[in-house]
Amino acid sequence: GFVISSALLVRSSARWLRIGLLIWFVFVQSEYVSERDKRRQFISGFTGSAGLALITTKEALLWTDGRYFLQATNQLSDRWRLMRMGEDPPVEVWIADNLSAEAVIGIDSWCISVDSAQRYEQAFLKNNQTLFQLSSDLVDEVWKDRPPNDATPVIVHPVEFAGRSVAQKMKELREKLQHEKASGIIITALDEVAWLYNVRGNDVHYSPVVHSYAIVTLHGAFFYVDKRKVTTEVKNYMSESGIDIREYDMVQLDVSLLASGQLKGSAVNGSLHMEKDINVAEQSKIWIDSNSCCLALYSKLRPDQALMLQSPITLPKAVKNPMELTGLRKAHIRDGAAVVQYLAWLDNQMQENYGASGYFSEANGSQKKEHLEIKLTEVSVSDKLEAFRAEKEHFKGLSFPTISSVGPNAAIIHYSPEANTCAELDADKIYLCDSGAQYLDGTTDITRTVHFGKPSEHQKSCYTAVLKGHIALDAAVFPNGTTGHALDILARTPLWKSGLDYRHGTGHGIGSYLNVHEGPHLISFRPSARNVPLQASMTVTDEPGYYEDGNFGIRLENVLIVKEADTKFNFGEKGYLSFEHITWAPYQTKLINTALLTPAEIEWVNLYHSDCQKILESYLNVQEKEWLRKATEPITASS
């Protein structure tokens with residue numbers, strides 16, 4: 001990465017304006033972005049999915065959360081200063097406290113949410129500092145070999161997988177607009193546009209979304225996309241659904257027209273419609289989700305015109321319909337079979353090429369072959385896992401970069417191995433693999449931690465503590481209205497008893513052939529986990545962990561479906577909820593110190609393993625079935 005250390009140049013009113021002190025933010029609004037949008041990575045060298053870069057005339061700083069402290073430390077040059085979220089002051093507080101009065105802070109208004117912009121502006125009042133909307137992104141000015149904008153086609157997502165038609169979704173959305181006395185809504189979150197219109201794409205690695213915007217009014221609907229991506233099939237589909245296709249860069253103009261009640265479009269039968277009662281339209285609200293809507297579009301509305309509420313799409317997308325739930329269950333079975341095939345293959349390779357005692361044995365010592373036929377690296381083995389997945393029905397790609405990590409790399413929570421620098425597998429070190437895939441009928445995310453040699457007693461006790469927390473959350477029963485903030489402690493308590501913990505949340509929602517990390521709910525210690533109660537038919541992960549810097553990392557992860565619980569009583573007539581796990585792959589029993597498990601926990605492991613074998617065996621060959629049979633043998637307190 002590098003720092004622009006002199007006064008930065010900003011294009012303004014068709015001329016260059018030199019600002020005495022410009023502080024420049026580099027934002028990323030999406031977790032995964034296309035190659036041409038990786039501006040923060042280009043300017044800093046940091047590749048994590050969460051972070052914010054701040055460049056002043058004197059220094060460069062990068063904020064990221066606890067998942068990425070080690071990774072950022074390794075990736076940032078000495079010209080950058082790492083700011084640890086939760087430990088160091090937030091970026092707006094740092095600016096207000098450390099920069100001069102009347103400093104000008106430059107941002108790309110297309111890459112910052114309304115919430116963030118307003119929070120910064122409030123903090124900057126302290127020293128009369130100003131948030132300045134740049135007319136172009138300064139990273140683009142210096143990024144001379146920026147990747148091109150590829151025109152990958154929009155794809156219609158069949159209702160057999162989506163579960164609900166566009167007409168059904170639009171009807172409910174318009175009912176919500178009427179209830180809030182809103183004349184329209186601006187939708188900027190890519191997964192919300194994809195979900196609402198039942199379309200998918202390949203514009204972003206790992207997330208099957210399309211670079212697009214949507215506007216929906218009481219009488220019309222608009223889809224803003226690069227028209228090079230629109231096939232005849234998509235054009236006809238949109239027309240039949242009553243959706244007008246507009247060029248991607250027309251959205252800002254159309255928001256201005258929407259604000260004045262002059263947005264025109266074509267109805268289902270091709271007749272012209274218009275939000276024509278301008279007096280009513282001007283009095284009506286325009287719904288935006290201030291957490292996702294960019295400042296550039298919000299700026300086209302009058303401040304009193306914006307109805308700033310959580311998107312009405314967020315919750316219906318998170319609460320899966322029956323067809324989506326069926327698809328997710330099926331996808332996770334096929335995915336689990338691929339993971340078992342991978343673990344059985346890897347076990348064999350580690351024994352044959354590295355002299356490892358293997359997945360099942362704890363014998364001391366390993367003897368690596370002098371001349372390896374196959375060198376196993378973090379990247380080469382993760383490629384093999386992808387190959388197993390690619391053989392499965394409906395496979396479309398990975399859902400995030402596989403975290404294939406050996407020994408100390410496993411302590412880097414969101415480690416991303418690179419082919420030229422990654423570690424070789426080691427029979428004497430823990431191996432953590434966090435991976436997932438996109439299938440037409442669902443998105444998956446699974447983590448298993450294994451050891452192909454002799455684990456230490458400390459590693460066993462840590463693994464067992466993580467497993468106990470994993471089981472405690474899986475087995476939880478709780479009343480309707482309970483948030484993930486209240487449940488987070490269940491996964492941490494076994495670790496806390498030994499003075500241990502982890503710096504990430506415990507669970508996130510999963511999309512239905514959409515984003516692998518989906519809100520609005522989550523299970524976490526973070527205050528935002530208090531905002532949305534868990535509901536039946538939501539999905540959420542269960543992934544506690546433990547990490548020792550420079551040594552090893554442990555994480556176990558299943559995907560859960562929230563379901564109604566069959567309780568003996570119903571205190572307060574609230575109704576109670578529980579979880580159904582849909583991820584299937586064994587836990588390595590040699591890493592479990594069974595003396596630390598309760599009888600109920602032992603019973604849970606044995607029942608899970610029994611189900612795992614029954615569910616997956618039809619997808620496996622004879623050798624893989626035998627491996628799974630051995631991997632799922634019952635454990636006892638004395639084993």
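Student: Which residue follows H10, and what's its phi like?
Tutor: H10 is followed by Gly261, whose phi is positive, near 75°. Helices here are DSSP runs of H or I with at least four residues, strands are E runs of at least two, and both are numbered from the N terminus.

Student: What sort of model is this, and what are the ground rules?
Tutor: This is a predicted model: local features need pLDDT of at least 70 and side-chain atom pairs count only at pLDDT 80 or more, while totals for chains, interfaces and linings use all residues. Residues are numbered from 1 along each chain as its sequence is written, and side-chain values use heavy atoms, with hydrogens and water left out.

Student: Back to helix H10, then. Which of its residues are buried?
Tutor: In H10 (residues 251-259) they are Val251, Asp254, Val255, Leu258 and Ala259. They cover an arc of only 145° around the axis, which puts them on the same side of H10. That arc is taken from the directions from the helix axis to the C-beta atoms. Buried means under 20% relative accessible area, exposed is over 50%, and partly exposed is in between (1.4 Å probe, protein chains only).

Student: What does the side chain of Asp254 meet?
Tutor: Asp254 makes a salt bridge with Arg246, at 2.7 Å from N to O. A salt bridge here is a side-chain nitrogen of Lys or Arg within 4 Å of a carboxyl oxygen of Asp or Glu. Arg246 is buried as well as Asp254.

Student: How many salt bridges turn up in the whole structure?
Tutor: The search finds 31. Another one pairs Lys460 with Glu362, with the closest N and O atoms 2.9 Å apart. Lys460 sits in helix H16 (residues 457-474) and Glu362 in the loop between helix H14 (322-354) and helix H15 (378-390), so the pair ties together parts 98 residues apart in sequence.

Student: What does Lys468 pair with?
Tutor: Lys468 forms a salt bridge with Glu601, the closest N and O atoms being 2.8 Å apart. Glu601 lies in helix H18 (residues 599-616) and Lys468 in helix H16, so this pair links parts that are 133 residues apart in sequence. Both Glu601 and Lys468 are buried.

Student: Which residues are linked in a network of salt bridges?
Tutor: Asp37, Arg39, Asp137, Asp140 and Arg146 are.

Student: Changing topic: how many disulfides?
Tutor: Zero, searching the whole structure. A disulfide would need a pair of cysteine sulfur atoms within 2.5 Å. For Cys422, the nearest cysteine sulfur is that of Cys433, 13 Å away.

Student: How accessible are Cys422 and Cys433?
Tutor: Cys422 counts as buried at 14% relative accessibility, and Cys433 counts as buried at 9%.

Student: Where's Ser311, and what does it touch?
Tutor: Ser311 is in the loop between strand E18 (306-308) and helix H13 (314-318). Ser311 is buried, with a relative accessible area of 5%. Leaving out residues up to four places away in sequence, Ser311 touches Glu192, Trp287 and Asp289, where contact means heavy atoms within 4.5 Å.

Student: Last one: what does UniProt list for residues 36-135?
Tutor: The unreviewed UniProt entry lists "domain: Creatinase N-terminal" for them. UniProt positions use the numbering used here, feature names are shortened, and annotations may be inferred rather than shown by experiment. In the model, that span is 32% helix and 22% strand, and its end C-alpha atoms lie 18 Å apart.
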